[in-house]
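Good morning, colleagues. Please keep the display in view as I go.

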Amino acid sequence: MTVSSAPERAVPGGVRTQAGAPADARASKQKGVQASRRRAAEGRSTLHDKFIAGVPARIMRPRLVFIACLAAIVCFGVLMVYSASAVEALSELGDPTFFLTRQLGFVAVGVILAVCVAYGKPCTLEGYRQGGARFLLVGVVVLLLAVFAFRSAGGAHRWIRLDSFTLQPSEFAKPLIIILAARSLNDYFGEHSIDLRELLARLGVEVLVPLLLIIAEPDTGTTLIIVLTVAACAMLAGLSPKVILGSIAVVVLAGIVLVAFSPYRLARFQVALDPWKDPYGDGYQAALAIMAFASGGLFGRGIGGSTMKYNYLPEAHNDYILAIIGEELGLVGTLIFFAVFMLMVYAAFKIAEQSPTLYGKLVAAGCATVLGLQFFINVLGILSVTPMTGKTLPFVSYGGSSMWASMILAGLIVRVSVESRDGSLYRAARSTFSVVGREGTPGAPADPGADVSSHLGRSTAGVPHVRTASRGGSAPDRAGREARRGGERSASQRIRGFSVYEGGAGASGRASGRMRGSSPLAGTGRGGYERIDLNADPGERLRTHREVRGDTRYDDEG
């Protein structure tokens, strides 16, 4: 039994269709498919084709989102510092704008630092890598040592007190350790220019030494943030997850030992477990912070309407400013603030993703990790989910050291975005190209007198790999190829404007090239590769006319 297809019929215009299928319907369907494919292709390439202020959109968009969110958070932080500190400043200092004025000064200096780090010519990532960061780290280590000459309340050694201003050097250690750790990880995992022993030696000097000084202050919060950030950068660079998990386990055990043998750390851990166990002692701030969130309700009391700032909640404009935000803006406003901050961190990670170098990725990702970790440590501590470590809320809490260090981190993220445009993936790939000289050696110096076609049949990207083990193959295979070449040769004769060549035996002594069609370049091929020669006038293939030359009809429309 045979099955026959639907009969075909001719329609005006020379289009043949099956019976019952109108030509217009099939044509419109085909156009619709082509249009959808075109739109999909344009959608995939639009992001790379568009430019914003002369910068590719894929690089500029996350930068703009990051800067916009940063500006919004900083302005919101200045407003909340004034709202949370006005009552205390008026009652104790007689000036309700005292902390507001100082915070504006801190923000102004921080913006200058961020702009210099992000756009300053001397502050390049390569400059930090070549030794600038190590020079700055020496200064930070000196300041960390100088901290022990100053005592503050509670016996802690964290600040250098200068008249009415206090400086916390451990805050400035965070961006420097990120740069140095990223440099070492890039040299080991990215460029493979150092071995494991040198990597461990670098991390021991550049990371472990300042960490030991920070732990001795003591400053557990900063230590935890730096350790987790370096671990995240190592995982991003390619370190085995087993090694990272083992390191984290060691850090957890060390933390348990520190808590067990430190009375004030143990007290904070007990407060996190039950803030109401001692509401008028160690759990006083934690209990009032929870009460502030509860009194804020869904939409809050409004900006300036907090009651806990009336000499009830200590450090309302500093470590516990989130409690005032929750009371005045409520749950909805607090969640919006969280969303803006998370959008800023997400944009920072997108900037890291767009960096063409592993070093840039690690710097941007490390800075984003520090900001995100410090944010969550402060939030979870105020909510009594984890022990309170005394870390500020980035860009929001009152304080000069925290604001300046956070602005430096933001400037480094923007710097990575700025330098991503100068070193795109395509430029990095083009930098590996080489010019073949007269001898055809990749990487040879350019020779003005070299033959232009001396590279034919040779690879400029390295050693060529032949797809098959034998060019000739067995006798049946050769016979089949010859039969196919006969059909292809007759088809290629109808094509005007280019010819196809098949590389020959090269150095074996046989013909160096066989041509499909006719061309003056026949016999110049080398190796076992096929190529297309456009001849003298490839534009002939674009002309829409028909002509007959000799016994061959050239159809340029087909």
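This is a predicted model: local features need pLDDT of at least 70, side-chain atom pairs count only at pLDDT 80 or more; totals for chains, interfaces and linings use all residues.

**Helix packing, a cis peptide and a kink**

Helices α6 and α7 pack at an angle of about 155°, their axes lying 9 Å apart. That makes α6 roughly antiparallel to α7. Residues are numbered from 1 along each chain as its sequence is written, and side-chain values use heavy atoms, with hydrogens and water left out.

A few terms, once only. Helices (H or I, at least four residues) and strands (E, at least two) are DSSP runs, numbered from the N terminus. Axes are lines fitted to C-alpha atoms, for helices over the stretch in contact, and angles run from 0 to 180 degrees between N-to-C directions. Angles under 35 degrees count as roughly parallel, over 145 as roughly antiparallel, 65 to 115 as roughly perpendicular and the rest as oblique.

To return to the pair, α6 passes α7 in a left-handed crossing, that is, the near helix is turned anticlockwise from the far one by less than a right angle. On the α6 side, V207, L211, I214 and I215 meet T222, T223, I226, V227 and V230 of α7, contact meaning heavy atoms within 4.5 Å. The residues of this contact divide into seven nonpolar, two polar and no charged. Here Ala, Val, Leu, Ile, Met, Phe, Trp, Tyr, Cys and Pro count as nonpolar, Asp, Glu, Lys and Arg as charged, and the others, Gly among them, as polar.

What joins E217 and P218? A cis peptide bond, with omega about 5°. P218 sits in the loop between α6 (196-215) and α7 (220-237).

I turn now to α2, residues 57-93. Its 37 residues, at 1.5 Å a residue, should span 54 Å, and the end C-alpha atoms are 50 Å apart, which agrees; the expected span is 1.5 Å times one less than the number of residues. Where is the kink in α2 centred? It is centred on S85 and amounts to about 50°, the bend at a residue being the angle between axes fitted to the seven residues ending there and the seven starting there. Just after α2, G94 takes a positive phi of about 75°.

Helix α2 also packs with α11, at an angle of about 155° and with axes 8 Å apart. The two are therefore roughly antiparallel, and their crossing is left-handed. The residues of that contact divide into 22 nonpolar, two polar and four charged.

Lastly, α11 (residues 321-354) packs with α12 (residues 358-382) at about 165°, with axes 9 Å apart. This crossing, too, is left-handed. Among the contact residues are F337, F338 and F341 of α11 and F375 and F376 of α12.
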